[in-house]
Amino acid sequence: MNQALDALLDLLDLEQIEEDIFRGVSRSALVPRVFGGQVAAQALVAAGRTVPADRPAHSLHAYFLRPGDPGAPIVYTVDRIRDGRSFTTRRVVAVQHGQPIFHLSASFQTYEDGLEHQAGMPEAPDPETLPTAAEMLPRHLPADVAERLVEARAAVDLRYADVPPWGTVGQPREPRSQVWFRANGKLADDSPLHVCLATYVSDMTLLDSVLLAHGRGGWAVGDVVGASLDHAMWFHRPFRADEWLLYDQESPSASGGRGLGQARIWTRDGRLAVTVIQEGVVRVPR
């Protein structure tokens, strides 16, 4: 396991400071605020700590309320909304400097048999044929920006199936993108850990498809400003985040200074594991 993945797992191992109250720290990001995927993953960890182990998360719905301060701890307070025979519901509020910065509602369910079907997996190149981030990013970004981005994502092996937005600035394309990702090391056989790591990664590239539609390079090149507004995930089938997962993303709409991204995460053998939807602020600087 590499040092970056070790550091990320430490980040997700929250300190319990009281019953149903947890504290987390942050890592530096490309922008002067806490990375949204980190807050979402930590909040899901906090919720999961109050749920029986035989009830994995099946959905989450979250709102990003204020930019997080990476230099201050984040306190997560869990409300035990409901404990039913099959489903458990938790609400989590993340607080910094006396103000809520993030809300999460998550639902957990005991396993049960039922009707089953799924859509077909889209075509995608094999991940091993694609360049790593360290190989690809310097081709399209200034050296200092590429180095910071590679460092920020070092816990995850994330490979673009096509050129990312900052590689085709000024050239509008179909609002769709694909990346393969997996943890940069072996993880324990701990289902909540794999779900939380996928939650962390899910906020990295989902709005790329919005940028592609308009030929914008995004936050890495500074031709748009943006931030996540809300985020929803549904976990359909078990998966391992240390094995290749295909993140197939598209944007059906952008308007009013907001862009919508929707995506599906597939296991390499074709099982639909997760559905993700996110809306974010996407503004052109004046």
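Leaving aside neighbours within four places in sequence, with which residues is Val 93 in contact? The legends below begin with this residue.

View 1. Val 93 lies in strand S5 (residues 87–96), strands (E, at least two residues) and helices (H or I, at least four) being DSSP runs numbered from the N terminus. Apart from its neighbours within four places in sequence, Val 93 is in contact with Val 75, Tyr 76, Thr 77, Pro 100, Phe 102 and His 103; contact means heavy atoms within 4.5 Å. Thr 132 stands 39 residues from Val 93 in sequence, and the two are 36 Å apart in space, C-alpha to C-alpha. The model is predicted, so that local features need pLDDT of at least 70 and side-chain atom pairs count only at pLDDT 80 or more, while totals for chains, interfaces and linings use all residues. Residues are numbered from 1 along each chain as its sequence is written, and side-chain values use heavy atoms, with hydrogens and water left out.

**View 2. The open sheet of 12 strands.** The strand order is S1-S2-S4-S5-S6-S3-S9-S12-S11-S10-S8-S7, with antiparallel pairing; two strands pair if DSSP finds at least two bridges between them. Strand S1 (15–18) and strand S7 (156–160) stand at the edges with a single partner strand each, so one side of each has no neighbour in the sheet. Neighbouring strands are turned by 25° against each other on average, direction ignored. For such angles, axes are lines fitted to C-alpha atoms, for helices over the stretch in contact, and values run from 0 to 180 degrees between N-to-C directions. Strands of a sheet pair through backbone hydrogen bonds, either parallel or antiparallel.

**View 3. Strand S8 and its two partners.** Strand S8 (residues 176–183) pairs with strand S10 (residues 245–255) in the antiparallel sense over 6 bridges, and Phe 181 has Leu 245 in S10 as its bridge partner. S8 is mostly covered, with 6 of its 8 residues buried. Buried means under 20% relative accessible area, exposed over 50%, and partly exposed in between (1.4 Å probe, protein chains only). Helix H5 lies across S3, S7, S8, S9, S10 and strand S12 (272–283), and runs at about 150° to S9.

**View 4. Two turns with positive phi.** S1 and S2 run antiparallel and are joined by 3 bridges, with Ile 21 of S2 as the bridge partner of Glu 18. Their hairpin has 2 residues between the strands, and Asp 20 takes a positive phi near 65° there. Asp 20 is buried, at a relative accessible area of 14%. His 97 is found in the loop between S5 and strand S6 (99–109) and has a positive phi near 50°. His 97 counts as exposed, at 62% relative accessibility. Most residues other than glycine have a negative phi.

**View 5. The second largest pocket.** About 790 Å³ of space lies in this pocket. On a 1 Å grid over the protein atoms alone, a pocket is an open set of points with protein on both sides within 12 Å along at least five of seven lines, a cavity is a set where a 1.4 Å probe fits but cannot get out, and lining residues have an atom within 4 Å of a point. Grid points are joined across faces, edges and corners, and a volume is the space filled by probe spheres set on the points. The pocket is lined by 21 residues, of which Gln 109, Tyr 111, Phe 235, His 236 and Arg 237 lie nearest its centre. Strand S3 (57–64), helix H5 (191–202) and strand S9 (225–235) each give two or more residues to the lining. The lining divides into 10 nonpolar, 7 polar and 4 charged residues, where Ala, Val, Leu, Ile, Met, Phe, Trp, Tyr, Cys and Pro count as nonpolar, Asp, Glu, Lys and Arg as charged, and the others, Gly among them, as polar.

**View 6. The largest cavity.** The count comes to 1 cavity of 30 Å³ or more, and the largest cavity holds about 50 Å³ of space. Its lining includes Tyr 160, Pro 164, Arg 173, Gln 178 and Leu 212. S8 and helix H6 (208–213) each give two or more residues to this lining, and the largest share, 3 residues, comes from S8. By class, the lining of the largest cavity has 6 nonpolar, 2 polar and 4 charged residues.
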